[in-house]
Amino acid sequence: MNPFRYARPSSPSAAFTDFAGERRARYVAGGTNILDLMKIEVESPPLLIDINALALASIEVTGDAIHVGALARLTDVAENEQVRTHLPLVAIALEESASPQLRNMATIGGNLLQRTRCPYFRDTATPCNKRAPKSGCGALGGELRREAVLGTSEHCIATHASDLAVALAALDATVHVTGLSGNREIALHDFYRLPGDTPHVETSLGPGELIVAVSLPLLSYGARSTYLKVRDRAQYDFALASAAVALDLSGKTIRQARVALGGVATIPWRSLQAEALLRNAAASRDTFERAADAALAEARGRGGNDYKIPLAKRTLVRALEIAAA
Ligand SMILES: Cc1cc2nc3c(=O)[nH]c(=O)nc-3n(C[C@H](O)[C@H](O)[C@H](O)COP(=O)(O)OP(=O)(O)OC[C@H]3O[C@@H](n4cnc5c(N)ncnc54)[C@H](O)[C@@H]3O)c2cc1C
Ligand code: SF4
């Protein structure tokens, strides 16, 4: 690991001011991703800014949202009574993430900004446009099993790794950030950026901008929601395919629906096409299958990851059946 300086500011403004003095700095929260990447020299920040002294760990209901501080640990959010009652898709997505030890350390802000698990991104001996812009993509023409089928480009096909972000995409949560230009709120659908020809630019955060909180809207039908994750191992593994869904039912008719997919796309993937198909339709297997076809209509496999398209469809159908039951 390369030598680095360390700072532990006591306010958000001190944190982003430290960052302004060293544009290649990185924040560290739980450290479960950034320290890992530093050890394998994928990241080599000259300055590590530890944000754990900031008062950003509260979880509170304010108006029509649950306001979660960026430093709230995954375990604390998953166990929060309001989250479990009103937004089970969030609690399940968190419980299905990583391991208990990691969930005790990892934070909400860090989870949303974790980097891809694409093996070529993590191997500095191979080209990777995300790690080293314009160096090429080792995955294209390489091992594709875990790579994405939605939202890809000719420059990057890496899957987004966060489970939580998929649930937040279904809810269209709001990310609250602060930085040298002030405070702002970013809707989740504007937060993540498709790879295009700049896969190293992953979010709409500016340099040094700090996530301070995430608002989870108390969707009126959020209690009828779930998150279903399919992976190689039953525990402690990233998704091959996942689905976050919420259904508003009137008898057997769907009034409204929310649908997002994980494990198959370069960003947490909300499917407005599936939601439109579900709206005002009968809550039946036939409807769910048509919604799954719509959600994956634009998916493109490249051989080794073709299996993800039928897998994601089946995952979504099953998630909708669970939510409807
Ligand atoms: C073995 C293993 C298995 C895992 N399995 C899963 C899984 O199944 N599902 C899943 O979703 N995740 C999984 N993870 C990933 C894990 O959830 C993330 O590493 C963790 O959530 C990151 O949070 P952190 O607080 O530790 O982030 P850190 O490592 O501290 O930071 C991650 C990134 O976010 C930035 N950052 C952190 N906080 C802020 C902030 N407030 N504002 C701005 N920037 C910030 C950092 O600079 C860094 O770039 C796994 C990780 C491991 C090691
Ligand atoms: S898919 Fe993306 S992250 Fe993986 S090697 Fe290619 S450019 Fe890098």
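The model is predicted, and local features are reported at pLDDT of at least 70, side-chain atom pairs only at pLDDT 80 or more, while totals for chains, interfaces and linings use all residues. Residues are numbered from 1 along each chain as its sequence is written, and chains are lettered from A and ligands numbered from 1 in the order in which they are written.

E1 and strand E3 (residues 47-50) are joined in the parallel sense over three bridges, and Tyr6 has Leu48 in E3 as its bridge partner.

Phe19 is part of helix H1, residues 12-20, a helix being a DSSP run of H or I with at least four residues. Phe19 counts as buried because it has 23 C-beta neighbours inside 10 Å, the threshold being 20 or more other C-beta atoms within 10 Å, with C-beta atoms placed from the backbone. Apart from neighbours within four places in sequence, Phe19 is in contact (C-beta atoms, placed from the backbone, within 7 Å) with Ala25, Ile49 and Gly208.

Ligand 2 is surrounded by 15 residues, the closest being Cys118, Tyr120, Cys128, Cys137 and Cys156; a residue is near a molecule if its C-beta atom, placed from the backbone, lies within 6 Å of it.

Notes: Two strands pair if DSSP finds at least two bridges between them. Helices (H or I, at least four residues) and strands (E, at least two) are DSSP runs, numbered from the N terminus. A residue is buried if 20 or more other C-beta atoms lie within 10 Å of its own, exposed if 12 or fewer, and partly exposed in between; C-beta atoms are placed from the backbone. Two residues are in contact if their C-beta atoms, placed from the backbone, lie within 7 Å.
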